[in-house]
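Cover the contacts between charged side chains and one of the helices.

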Amino acid sequence: MTRRGAGPRSIASRLVDSLTENRWIGLAGLAIALLAPFVNATPYAISVMTSAAIFVMLAAGLNIVVGYCGLLDLGYAAFFAVGAYTSGVLSTRFDLPLVATLPAVLVATVIAGVVIGAPTLRLRSDYLAIVTLGFGEIIRITVTNLDVTGGPSGIYGIPGLAGDRISFYYLTVLVVAVAVVGAARLGRSRLGRAWRFVREDEDAAEAMGVHTYKVKMAAYIAGAIWGGLAGVLFAAHLSAIAPSSFTFLQSALVLMAVVLGGMGSIRGVVIGAVIISLLPELLRDLADYRFVAFGVLLIIVMLVRPQGLWPARAREAARSTAPREAVR
């Protein structure tokens, strides 16, 4: 028997729901990432896998803003750029190791989150999206026209975080794993429940005593920190950064990964990020047609699974309806 007004659930939906109950899925994904270099350890493969891991961290950070709190951010690459340029400038100008720049990166990303979020988070829906898009472009244009950031040429000679490519890959995977687990823990915390309640009905949340502005600001700052730390990994990976790496397209791809995987579902976001980052490389044999094939496959997936490949569990959504327990 199905509920009145609801159609029968598909086999794929029941399979996904059963898999989400298995807590070993995350460990299995981590094991696959750690064992991947034993399958293919060519420089190209390691570079692609490292980029995919960094992209996963970006998606996990944007999921806090979009998936948990429901804030449509089209300029997320701004925080990615702030982290990369802060670490790049400090490491090259003052001959500092990248690890020593992390405190400055955290401070810079928090300040960027406050500066960008303070005047914009009182807006909603389309207006918020347009303003965040504008701030993302402001950051990109600013670093393009400053001498300290290298202008259009960017910054070169950024030191690495590990001795070789494989060591750096494993370091990146471990950092990203910690970031993903941290994002998942935030989503299950009292603050995370407040985020979900704001996402479902901001007016009702305000009426029930949730300080929606502070809650949204917390989500924005958390997302900024994740994006800034991903920027440090990106700078260490390529040893060079330029404004062309932080365009609107980068923000759009990260948002696509969140939507494709399932907004609010950390497992889904990880899967969506891996697909978005690796699929164009797997289709490279199609030459100029690979992006056409990439777009067609994404459209098919979104038509078949409009809620995402791995949507958030129903009981997690139900928890968001407990505002009194979430924030007092």
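The side chains of R140 and E137 form a salt bridge, with N and O 2.8 Å apart; a salt bridge here is a side-chain nitrogen of Lys or Arg within 4 Å of a carboxyl oxygen of Asp or Glu. The model is predicted, so local features need pLDDT of at least 70 and side-chain atom pairs count only at pLDDT 80 or more, while totals for chains, interfaces and linings use all residues. Residues are numbered from 1 along each chain as its sequence is written, and side-chain values use heavy atoms, leaving out hydrogens and water.

**Salt bridges**

- The structure holds three salt bridges.
- R140 and E137 sit three residues apart in helix 6 (residues 125–145), about one turn of the helix; helices are DSSP runs of H or I with at least four residues, numbered from the N terminus.
- An α-helix has 3.6 residues a turn, so residues three or four places apart point the same way.
- R140 counts as partly exposed because its relative accessibility is 23% (buried is under 20% relative accessible area, exposed over 50%, partly exposed in between, with a 1.4 Å probe and protein chains only).
- E202 and K216 are joined by a salt bridge of 3.0 Å, N to O.
- E202 belongs to helix 9 (residues 202–207) and K216 to helix 10 (residues 212–238), so this pair ties together parts 14 residues apart in sequence.
- E202 and K216 are both buried.

**Helix 3**

- The 26 residues of helix 3 (residues 43–68) should span 38 Å at 1.5 Å a residue, and the 36 Å between its end C-alpha atoms agrees; the expected span is 1.5 Å times one less than the number of residues.
- After helix 3 comes G70, with a positive phi near 75 degrees.

Notes. Helix = DSSP H or I, 4+ residues; strand = E, 2+ residues; numbered from the N terminus.
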